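Here are my notes for you to read with the model open beside you. Take the points in any order you like.

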Amino acid sequence: MKAALIAIAAFFALITQAFAQVPVQAIRSPGGIDAWLVSDSTVPMIVLHAYWQGGSATEPSSNVGITGVMTDMLTEGAGDLDANAFKERLQDLNMSLGFSSGWDGVGMSLVTLTENRDAAFEMARVALMQPRFDAAPLERIKRQITIGLRTRESNAGYIANLALDQALIPDHPYARRINAENVAALTRPALLARRAALFTRSGLMLTIVGDIDAETAGRLIDSTFGSLPLTRPASEPPLAEIRPATPLIVRALPQPQSLVLFAAPGIQDEDPDWTALVVANYIIGGGGFSSRLMDQVREQRGLVYGISTGPSVRDYSAFIRGSAQTENGDVRQAIEVIRAELARFHAEGATQAEVDDAITYLTGSFALDLDSNSKIAGVVHGYHTGGRDIDYINGRNDRIRAVTRDDVNRVARRLFDPNAFTFVVVGQPEGLEPAAAR
Amino acid sequence: MNPSPRFATLVSAACAAVLAFATPSVAQDMPRPETFTLRNGMQVVVVTDRRAPVVTHQVWYRVGAADEPRGVSGIAHFFEHLMFKGTRQIAPGEFSRTIARNGGDDNASTSWDYTVYYERISRDRLELVMRMEADRMRNLRLLEEDIASERDVIVEERRSRIDNSPGGVLSERMRAMLYPHHPYGTPVIGWLHEIQALDRAEALDFYRVWYAPNNAILVVAGDIDAAELRPLAERIYGRLRPTRGLPARTWVADPPSIGPMRVTHRDEKVRQPSMSRFYRAVSYGTDEGRQAHALDVAMEILGGSETSRLYRALVEDRQIAVSAGAGANTGGLGGGQASVFASPADGVSLEALEAGIDDVIATFLRDGPTDAELNRAKSSLSAAAIYSRDSQEALANVYGQSLVQGESIDDIVSWPTQIEAVTREEVMAIARETFDINKSVTGLLLPAEDRP
């Protein structure tokens with residue numbers, strides 16, 4: 001054993017070499033639209049991500065769910081092309097074009113081969129500027145949503161997350177879900193209004209990665225996004241007011257294994273403790289097979305297949321969330337072990353060795369997130385839309401290395417108090433009494 | 001937030017998708033990897049990509065759930081978990097911790113045809129990874145106490161993946177009917193009552209027979225080439241003893257089908273009914289000529305996207321379904337599988353929906369694809385090959401999995417060209433052979449009680 005350990009130790013000194021710098025450039029199109037660009041011609045493809053602030057959380061309460069339907073409908077026909085013709089054209093160009101909506105913003109992703117570049121960007125422009133919102137695809141999507149309303153009733157993840165949101169942030173738009181009345185209110189005029197309210201040039205954030213230079217990117221940015229209006233998006237939702245923890249919420253669902261979710265108030269990623277939280281989370285539940293919870297709940301006791309925790313940040317709320325699944329008869333024990341581990345972390349913090357290991361992993365593994373155009377585009381765009389500086393990506397490992405054991409222990413005391421966590425169990429857990437409903 | 005699975009693709013439903021990566025109308029070959037074989041019989045494949053100082057390291061064993069003795073279902077997968085326990089040099093659990101401490105990720109996966117262990121790590125840690133992987137290939141130590149808790153873990157894994165999901169339970173039974181005797185009918189994770197009885201002796205028997213350099217393929221992709229890898233591979237893996245008289249992998253054949261099979265599963269968790277149908281099919285490992293290529297093209301036309309026949313006819317035109325599609329798993333060493341599925345619109349019975357599916361298939365078998373459909377399907381399948389080149393991990397998977405499932409490097413490199421060459425006649429021939437209701441299993445998933 002000794003020989004192996006010495007040999008393994010010898011590798012540690014070299015690990016900082018693993019991370020190559022990512023050359024992110026800030027460019028401005030001739031028409032004045034800003035973007036972040038990473039040029040790399042190794043593979044003849046281009047990835048474009050666009051993001052507009054204003055998502056489902058800014059929907060009027062009469063139109064809950066409309067943002068997601070509106071973005072889905074953008075690839076259901078545009079310009080001269082009906083839904084079928086539009087999708088066939090995407091296939092003929094071997095491109096993918098998708099729009100998405102989140103609580104805080106809407107996005108567009110375009111992936112194209114270099115050879116079809118101009119035609120692909122033109123498809124994006126038409127989808128964005130001239131959507132048809134035809135009756136037939138809208139009715140089809142409404143039918144599909146209606147079925148979705150029913151199937152979610154037996155989806156453990158849906159039930160658990162809704163219960164958490166309703167317990168912790170009941171008055172915030174984040175706790176809303178689309179319902180049958182909302183589906184009925186989905187009309188073409190409402191979709192058009194929603195599109196007009198969200199897609200503006202102010203607040204548009206663009207990230208382009210791949211086989212393209214700055215000049216070509218500038219030209220295509222202008223042709224694709226240049227005719228959007230400059231107006232600011234309208235209203236913003238309030239900050240979520242987080243209610244005190246409910247120790248235990250139980251929802252019945254007939255299945256052999258229960259889903260356990262747990263959540264406590266977290267911090268925004270601008271918080272000075274953010275990087276220390278990344279390290280702390282790795283130690284308690286974010287480190288795959290190496291975390292304390294994985295060791296105690298899976299390796300030592302065989303109670304779960306997987307368990308993990310992570311910060312969950314939206315523009316108007318922040319949580320630490322965790323999840324696990326275990327046999328109905330073992331739920332009580334699993335929760336006891338999780339609570340005990342949180343309590344130990346809260347009271348004692350981490351060891352220096354744990355902090356060192358976490359930093360070595362988090363800095364060394366970062367290169368694994370940056371070994372393809374698609375991954376680089378995802379990471380860079382995430383930093384862009386998160387309001388980071390353009391060189392944030394290249395300073396990231398230095399910030400992680402600067403985290404001390406004191407920092408981690410401070411974060412453990414601040415954010416991992418077991419009494420701050422709400423536990424939600426969905427399944428048929430044995431011997432668990434939920435606290436009185438609030 | 002997701003639990004980190006010990007392995008990402010337990011069941012190789014992803015097989016077809018992994019190989020379904022290739023070029024548009026101008027067919028472009030896949031990059032040709034370098035390859036060599038060590039003296040002890042271990043095959044080595046190197047796929048160079050210098051963009052990031054990172055490597056993907058994979059060891060593919062030619063053994064999986066299809067090689068399990070009767071009554072010991074799940075042992076291949078259980079053993080995959082046990083490989084993370086320990087050796088004389090590495091304490092139990094230390095394998096993954098050491099990889100993580102060195103900034104890497106590791107995991108493993110079991111299918112019917114193979115078991116694969118993989119690490120992704122900075123290139124300057126490659127030797128460390130190779131030494132640990134070589135060490136556990138022949139020197140694993142299994143303690144009795146490691147067995148019990150890990151067996152509990154895979155029982156929980158089974159519940160997560162299958163028993164919690166009515167659709168998962170139904171699919172498992174449909175496979176068991178489609179392959180009444182062949183081991184592909186046994187779930188990779190194993191039947192619950194057999195998993196609960198797995199023990200150390202069975203695990204060690206499995207290990208001693210199959211885990212050997214001459215039964216493994218090493219794939220390394222990323223910031224390295226064969227000239228750099230070869231001396232390392234010879235020094236580290238090359239010194240391992242091969243297994244003499246490695247048994248041939250012999251699987252039984254199924255008796256001929258005696259007609260259409262059906263199974264209904266009701267569960268109180270089901271809120272929306274659905275139907276699916278499985279057909280036995282060719283695979284790249286069993287076909288003659290371009291049959292598997294033609295089947296992939298046929299399934300793409302029939303149900304691979306929202307422009308496909310099934311989606312258009314059932315969801316858009318007739319509006320009797322809210323979802324519909326089809327796909328093929330053409331990767332199996334012992335044959336493939338084609339499947340179709342749909343879920344009804346409100347007020348539509350599963351019988352009417354099934355009749356609708358049969359109509360679409362009958363029309364396709366009668367008229368075949370249009371030129372536009374044929375070209376679009378080939379182009380879609382193909383374009384993904386270029387996109388797959390963006391990811392060293394995806395390329396490593398394509399080469400490792402295809403080689404372990406009976407294909408050659410040439411087969412993989414020329415795959416886009418072969419897809420491009422598929423003719424209308426080939427598509428119709430394989431569709432007629434595959435869509436035989438007498439060789440199929442139809443599964444209906446229903447709520448516990450019919451709603452009014």
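The notes below go through a few spots in chains A and B.

1. First, the ground rules. This is a predicted model, where local features need pLDDT of at least 70 and side-chain atom pairs count only at pLDDT 80 or more, while totals for chains, interfaces and linings use all residues. Residues are numbered from 1 along each chain as its sequence is written, chains are lettered from A and ligands numbered from 1 in the order in which they are written, and side-chain values use heavy atoms, with hydrogens and water left out.

2. Have a look at D296(B), which sits in helix α10 (residues 291-303) of chain B. D296(B) is buried yet has no salt bridge, and R290(B), the nearest side chain of opposite charge, is 12 Å away. Buried means under 20% relative accessible area with a 1.4 Å probe, protein chains only. A salt bridge needs a side-chain nitrogen of Lys or Arg within 4 Å of a carboxyl oxygen of Asp or Glu. What the side chain of D296(B) does make is a polar contact with the side chain of Y284(B), at 2.7 Å.

3. Now D124(B), in the loop between β5 (115-122) and α4 (126-138) of chain B. Its side chain makes a polar contact with the side chain of S122(B) at 2.5 Å, and another with that of R125(B) at 3.1 Å. A polar contact is a pair of N or O atoms within 3.5 Å; within protein, one must be able to donate a hydrogen and the other to accept it, and residues adjacent in sequence count only if both atoms are side-chain atoms.

4. Over in chain A, F225(A) belongs to helix α9 (residues 214-225). F225(A) counts as buried because its relative accessibility is 0%.

How values were computed: Helices (H or I, at least four residues) and strands (E, at least two) are DSSP runs, numbered from the N terminus. Buried means under 20% relative accessible area, exposed over 50%, partly exposed in between (1.4 Å probe, protein chains only). Lys and Arg count as positive and Asp and Glu as negative; His and the chain ends are not counted.
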